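Okay, everyone, thanks for coming. Let me put the structure up and then talk you through some side chains.

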Amino acid sequence: MNLPDSCDRSSTVDYLLRVADERLILGHRLSEWCGHAPILEEELALANIALDLLGQAEPILDLAGSLEGQGRSADDLVFFREAIDFRNALLVELPIGDFGFTIVRQFLFDAYSRLYFDRLRQSRLEGLGAIAEKALKEILYHRRHSRQWMLRLGIGTDESRRRVNDALQELWRFTGELFEVDQLEAQLVEAGVAVDRAALQAAWSSEVKEVLRELNLAPPDDGHQVGGGRRGRHTEHLGLLLAEMQILARSHPGAQW
Amino acid sequence: MSNRQDADTQWSLWEVFVQPRSGAPHEHAGSVHAPDAELALQNARDVYARRGKAVSLWVIPTEQIVASTPSDRGPFFDPATDKAYRHPSFYRVDRSSEFE
């Protein structure tokens with residue numbers, strides 16, 4: 001595959017893993033609601049979104065594998081990498097918490113995800129724009145789903161409001177990482193391959209704060225932000241998630257069902 | 001129905017109608033629980049429209065549907081069964097081209 005000029009191959013592979021892992025890990029987290037969601041209809045909705053996210057990760061992992069040129073398939077990348085090799089932001093690996101926590105995380109993520117994939121459509125990396133175009137339709141629905149739930153939980157009962165607010169306070173410090181650009185990504189932005197995440201933060205912030213204003217909830221202070229996921233520095237939660245996600249494929253390599 | 005809603009915290013019931021292609025009638029697909037109209041529409045999409053073909057959805061509060069009862073069956077429907085001349089069945093309609 002041809003790379004745009006001034007585009008380093010291993011950096012590009014790393015970048016694709018960043019985009020894909022975020023969706024893979026969040027998709028897995030959402031799938032943990034299977035059998036536990038508050039009501040059947042919502043269980044189906046969460047499972048649908050989980051499947052959408054996995055479906056979005058897969059072609060990006062395929063692309064990363066073929067660009068890398070070492071014969072690794074999407075499955076190999078999902079099941080046979082260690083935590084330190086995963087490139088997702090920390091936000092998506094945190095445990096699902098209660099339904100309020102899940103909804104607030106989706107809401108914060110979906111707003112970012114929509115802005116990100118909207119821009120990703122213009123990527124100069126062959127194949128990536130088309131993947132983004134297809135995913136964007138699903139993302140618009142996800143955004144609608146989490147936004148509608150935010151509005152209801154935020155003004156629902158004292159308890160639902162408290163849970164939404166607790167989740168917001170808890171999650172806010174993980175949102176800065178979504179817009180952090182390092183050296184590797186800055187070069188790929190320059191080459192027209194990567195999205196300039198930093199440029200999305202203002203739009204994200206005003207979209208999120210508009211909903212919070214509607215709910216009369218104070219946005220948390222930006223304060224201390226944590227990150228490091230894209231450099232492989234993860235929370236202890238990722239290891240447990242991977243253990244569950246990978247055990248079958250590792251116990252029975254090549255198994256088909 | 002309304003007694004049951006008082007008895008637990010279950011959301012109210014909505015009937016879902018799916019239109020498979022434009023111009024075709026909306027057909028009853030099933031029902032969903034939802035706290036309000038917007039979420040009923042969202043739930044209907046997730047339960048009934050995600051895998052199949054659909055271009056439009058209707059959701060209607062189940063309690064708004066007025067239905068005939070089993071005891072209406074005789075007076076409502078029997079008079080029609082033995083009068084073949086009332087049935088518009090003497091010509092053919094090609095359903096496949098009806099909505100093209």
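I'll go through the aromatic rings, then the charges over them, then the cysteines.

Quick housekeeping: this is a predicted model, so local features need pLDDT of at least 70 and side-chain atom pairs pLDDT 80 or more, while totals for chains, interfaces and linings use all residues. Residues count from 1 along each chain as written, chains are lettered from A and ligands numbered from 1 in written order, and side-chain values use heavy atoms, leaving out hydrogens and water.

So, rings. Over all chains we get 11 aromatic pairs, meaning Phe, Tyr or Trp rings (the six-membered one for Trp) with centres within 6.5 Å; planes under 30 degrees apart are stacked, over 60 edge-to-face, the rest tilted. Take B:F17 and B:W58: they're tilted, 6.4 Å centre to centre with 55 degrees between the planes. B:F17 sits in strand β1 (residues 12-19) and B:W58 in strand β3 (residues 56-61) of chain B, so the pair ties together parts 41 residues apart in sequence. Strands here are DSSP runs of E, at least two residues, numbered from the N terminus.

Over in chain A, ring pairs link A:F109, A:Y112, A:Y116, A:F117, A:W172, A:F179 and A:W204 into a cluster.

Now charges over rings (NZ of Lys or CZ of Arg within 6 Å of the ring centre and within 35 degrees of the ring normal). A:R81 lies over the face of A:F86, 4.1 Å from the ring centre. B:R45 does that to A:Y141, at 3.7 Å.

And the cysteines? There are zero disulfides over all chains, taking sulfur atoms within 2.5 Å as the cut-off.

Note on methods. Helices (H or I, at least four residues) and strands (E, at least two) are DSSP runs, numbered from the N terminus.
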